[in-house]
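Open the model in your viewer and keep the selection tool at hand. Each stop below says what to select next and what is there.

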Amino acid sequence: MSGRHWPILAAQLIALAFSAPAHAAEPSPCPPDWESQICELKSVVEILKKDHLTEIDVPAFLDETIRLGVKTLPYAKFMNAEEQQEQAKKDERTRNGTPGIGIIFETLADGLHIIDVVPDAPAAQAGVRTGDIVVAMDGNSMAGISTTDIAKYAGGDVGTPLKLTLLRGAKQQRLEFTLLRAIIKQRPASAKRLPGDVLYTRMSSFPEPAIGDYIDTVQAARKNGAPVKAVILDLRLNGGGALNASIGIIGLFTGRNKTAMVTLQRDDKIQHRISTNWPDYDLPVLKGQDPLAPLEADDWWRSVPLIVLVDGQSASAAEATAAALKDLGRAKLLGTPTYGKGMAQTGIGTRDGTYLNWSNARNLRPNGCPMEGYGVVPDWIVGPRKDADMEGVLLIYREVDIPRAPYANKPNPDPFADVRKERQRQRDQRAKAKPDPNKSALPQKEFGGAKDWQLQQALNALAGKPVQVVSVNPRFMPAQPACIALEK
């Protein structure tokens with residue numbers, strides 16, 4: 001081939017390169033309304049079914065795939081059919097009562113620390129006290145035990161014995177009790193009279209029967225003595241529960257036609273007002289009967305002086321109750337800022353008996369301010385003890401410390417990322433500085449007695465005496481939220 005033909009050949013090759021017809025794109029195997037990743041998952045499953053070393057339980061594999069994905073979203077949960085059936089049975093047992101001994105506890109490294117004892121239950125009748133530490137059940141150590149194992153050891157039929165080994169007081173006195181399990185129904189409310197005709201009431205949680213239980217408990221205490229001049233409602237260490245139950249408590253103290261809460265739904269564009277009118281606080285356990293109707297003529301509920309105690313573990317329905325009573329001018333709050341859980345959840349059965357629970361709304365206070373990540377700041381900031389380590393108290397983990405998956409909120413992936421980093425930096429600094437061991441950051445757990453510092457300050461407030469509040473560096477306090485104007 002002569003050299004003069006090279007330019008022509010090169011030009012032909014270039015032309016061929018640019019004029020070669022493109023291959024037509026293969027049609028997608030996905031239906032048009034499917035995300036492409038769903039097809040990717042199907043492809044992965046087909047490969048694993050065919051070529052994985054061992055045969056895979058595909059339904060279990062897919063259940064776990066969904067479970068892990070849903071788990072990354074705030075307060076979302078996926079249950080397969082078997083888990084949903086077990087949860088339904090558990091809920092029924094909770095409503096109707098379940099065999100037990102009647103202790104409420106938190107799990108710490110050295111055992112189960114009892115934070116409350118159900119009145120008239122086997123534990124209370126035997127002399128078990130708040131503050132006791134359960135170190136063994138039937139000889140099995142409770143140190144470092146998991147929740148699953150606790151249920152395994154504590155569970156049993158009515159009438160069967162359970163041996164508890166306890167440590168009590170500063171001297172760690174070792175005690176043993178043998179209790180017979182009985183049906184324990186949820187009794188979240190308790191009440192007792194204090195000097196000055198003050199009624200101290202406590203709500204440990206907000207289960208569905210909470211409204212009726214609280215009314216019955218308070219009415220019984222009112223009948224037992226002189227007229228009650230003031231009420232203290234203790235919501236410390238109350239993690240919430242049924243939101244409608246909290247709406248009922250708000251209505252009990254404020255009366256009808258009040259805004260208890262406003263919810264914001266998808267993209268914060270849909271406002272829904274929740275009022276103190278029936279049936280906004282209806283619940284299945286009420287069977288269509290309004291528990292507040294018989295009390296409409298009793299003005300005491302809506303006029304008695306009221307102080308609400310809160311702390312960093314007052315969450316969800318508990319802090320919604322406190323916020324509404326404060327915003328509606330019905331109560332003063334005393335304690336420390338609340339947890340800051342301002343999202344509501346709902347659930348629905350999906351295919352084949354599975355169940356999905358997810359966050360469907362953001363809750364706003366009656367004043368239009370969000371609670372999510374901020375919580376509720378009391379009127380009086382009072383530590384759990386006179387000499388409490390307040391910086392440590394305020395740095396205990398709250399809603400703001402929970403990271404969000406970057407895809408969980410596309411317009412604003414993690415609104416509290418900077419706050420969370422700063423709080424962790426403060427914790428790290430404190431750890432290096434070695435806080436004063438004589439000052440505790442633990443929440444109050446001895447409720448209603450002379451050692452309850454926050455309660456004593458509430459009694460001072462009701463008596464017109466000075467309240468010993470604490471001054472806190474603002475950088476440890478929740479930021480001021482951006483509030484919105486509510487629709488009329």
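A cavity is a set of points, on a 1 Å grid over the protein atoms alone, where a 1.4 Å probe fits but cannot get out. Grid points are joined across faces, edges and corners, and a volume is the space filled by probe spheres set on the points. A search of the whole structure on these terms turns up one cavity of 30 Å³ or more.

Before going in, note what kind of model this is. It is a predicted model, in which local features need pLDDT of at least 70 and side-chain atom pairs count only at pLDDT 80 or more, while totals for chains, interfaces and linings use all residues. Residues are numbered from 1 along each chain as its sequence is written, and side-chain values use heavy atoms, with hydrogens and water left out.

**The whole protein**

Show everything as a cartoon. The secondary structure comes to 13 helices and 19 strands; helices (H or I, at least four residues) and strands (E, at least two) are DSSP runs, numbered from the N terminus. Along the principal axes, the C-alpha atoms fill a box of roughly 120 × 55 × 55 Å. Of the 488 residues, 41% count as buried. Buried means under 20% relative accessible area, exposed over 50%, and partly exposed in between, with a 1.4 Å probe and protein chains only. A contact means heavy atoms within 4.5 Å. Among contacts between residues at least 6 apart in sequence, 67% join residues at least 24 apart.

**The cavity**

Select D311, G312, T336, V393 and P443. Of the 13 residues that line the largest cavity, these lie nearest its centre; a lining residue has an atom within 4 Å of a point. The volume of this cavity is about 90 Å³. What classes of residue make up the lining? There are six nonpolar, five polar and two charged residues. Here Ala, Val, Leu, Ile, Met, Phe, Trp, Tyr, Cys and Pro count as nonpolar, Asp, Glu, Lys and Arg as charged, and the others, Gly among them, as polar.

**Helix α7**

Next select residues 210-223, which form helix α7. The helix has 14 residues and reaches 20 Å from its first C-alpha to its last, close to the 20 Å expected at 1.5 Å a residue. The expected span is 1.5 Å times one less than the number of residues. Now colour A210, I211, D213, Y214, I215, T217, V218 and A221, the buried residues of α7. An α-helix has 3.6 residues a turn, so residues three or four places apart point the same way. Which elements do the buried residues of α7 pack against? They pack against β10 (189-194), β11 (198-203), β12 (230-234), α8 (243-254) and α9 (300-303). Just after α7, click on G225, which takes a positive phi of about 135°.

**The disulfides**

One joins C30 to C39, S to S 1.4 Å, and both C30 and C39 are buried. The other is formed by C369 and C483, with sulfur atoms 1.9 Å apart. This pair links distant parts of the chain, 114 residues apart: C369 is in the loop between β18 (355-364) and β19 (380-381), and C483 is in the segment after α13 (453-462). The link of C369 and C483 is right-handed, with 95° about the S-S bond. Is C369 buried or exposed? C369 is buried, with a relative accessible area of 8%, whereas C483 counts as partly exposed at 36%. With bonded cysteines counted along the chain, the pattern is 1-2, 3-4.

Select N363 in strand β18. N363 is buried because its relative accessible area is 5%. A323 counts as buried because its relative accessibility is 1%. The C-alpha atoms of A323 and N367 are separated by 9.0 Å, and the two residues are 44 apart along the chain.

End at Q87 in helix α4 (residues 81-96). Q87 counts as partly exposed because its relative accessibility is 22%. Apart from residues up to four places away in sequence, Q87 touches K77 and M79. Draw a distance from Q87 to S190: they are 27 Å apart in space, C-alpha to C-alpha, and 103 residues apart in sequence.

Note on methods
On a 1 Å grid over the protein atoms alone, a cavity is a set of points where a 1.4 Å probe fits but cannot get out, and a pocket is an open set with protein on both sides within 12 Å along at least five of seven lines; lining residues have an atom within 4 Å of a point. A disulfide is a pair of cysteine sulfur atoms within 2.5 Å.
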